Amino acid sequence: MNGSLPVVIGAVARPAVERAARIGDGFVTGVRDWDTSRTEIGWYRAAGGTGQVVLRVMPPVEDTPDLAEDFARIVLEDLKRAADLGADEIHWEPGLTGIAPDRQIEALEAPAAKLA
C-alpha cells in the first residue's frame with residue numbers, strides 16, 4: 001500500500017460498476033440476490049477490475065426454535081455462495097433486530113463454532 005488507503009467503490013448500475021473497475025482499488029456491492037451479484041461482479045471483471053470484490057450480505061433472520069442452527073446454516077451458505085462468485089471479502093450484517101440479546105449471542109457463536 002505504500003502508505004495509501006485503498007478506495008473500494010460501491011456500485012450497482014453497470015456504468016458505475018465499470019467506473020469502479022477503472023478508477024478504484026476494488027468494488028463493493030450489496031447482495032440483493034445472488035444472480036444479480038454474479039452479474040455485477042462479471043461487469044467489474046470484464047471492465048478490467050482486478051481489485052478486491054466485497055459483498056455486503058444482509059440475510060433475513062427470524063427467531064425460530066433452532067435459531068442458532070438456522071443462523072449457522074445461513075452464514076455457511078452465504079460464505080460458500082460468495083466464494084463461488086469470486087468475492088474476496090464479505091461484510092455480513094446479521095439482521096437480528098427484535099431477537100433477545102442472549103439468543104443473538106447464541107446465534108452469532110454458532111457459525112463461528114462450525115468454522116473453527
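**Aromatic pairs and burial**

Analyst: Phenylalanine 71 counts as buried (under 20% relative accessible area; exposed is over 50%, partly exposed in between; 1.4 Å probe, protein chains only), because its relative accessibility is 1%. This is a predicted model: local features need pLDDT of at least 70, side-chain atom pairs count only at pLDDT 80 or more, and totals for chains, interfaces and linings use all residues. Residues are numbered from 1 along each chain as its sequence is written, and side-chain values use heavy atoms, without hydrogens and water.

User: How many aromatic pairs are there?

Analyst: Rings of Phe, Tyr and Trp (its six-membered ring) pair if their centres lie within 6.5 Å; planes under 30 degrees apart are stacked, over 60 edge-to-face, the rest tilted. By this rule the count is 2.

User: Which elements hold phenylalanine 27 and tyrosine 44?

Analyst: The two rings are stacked, 5.2 Å centre to centre, with 20° between the planes. Helices (H or I, at least four residues) and strands (E, at least two) are DSSP runs, numbered from the N terminus. The pair ties together parts 17 residues apart in sequence, because phenylalanine 27 lies in strand β2 and tyrosine 44 in helix α2.

User: Is tyrosine 44 buried or exposed?

Analyst: Its relative accessibility is 0%. Tyrosine 44 therefore counts as buried.

User: What is the angle between the planes of phenylalanine 71 and tryptophan 92?

Analyst: The centres lie 5.0 Å apart. The pair is edge-to-face, and the angle between its planes is 80°.
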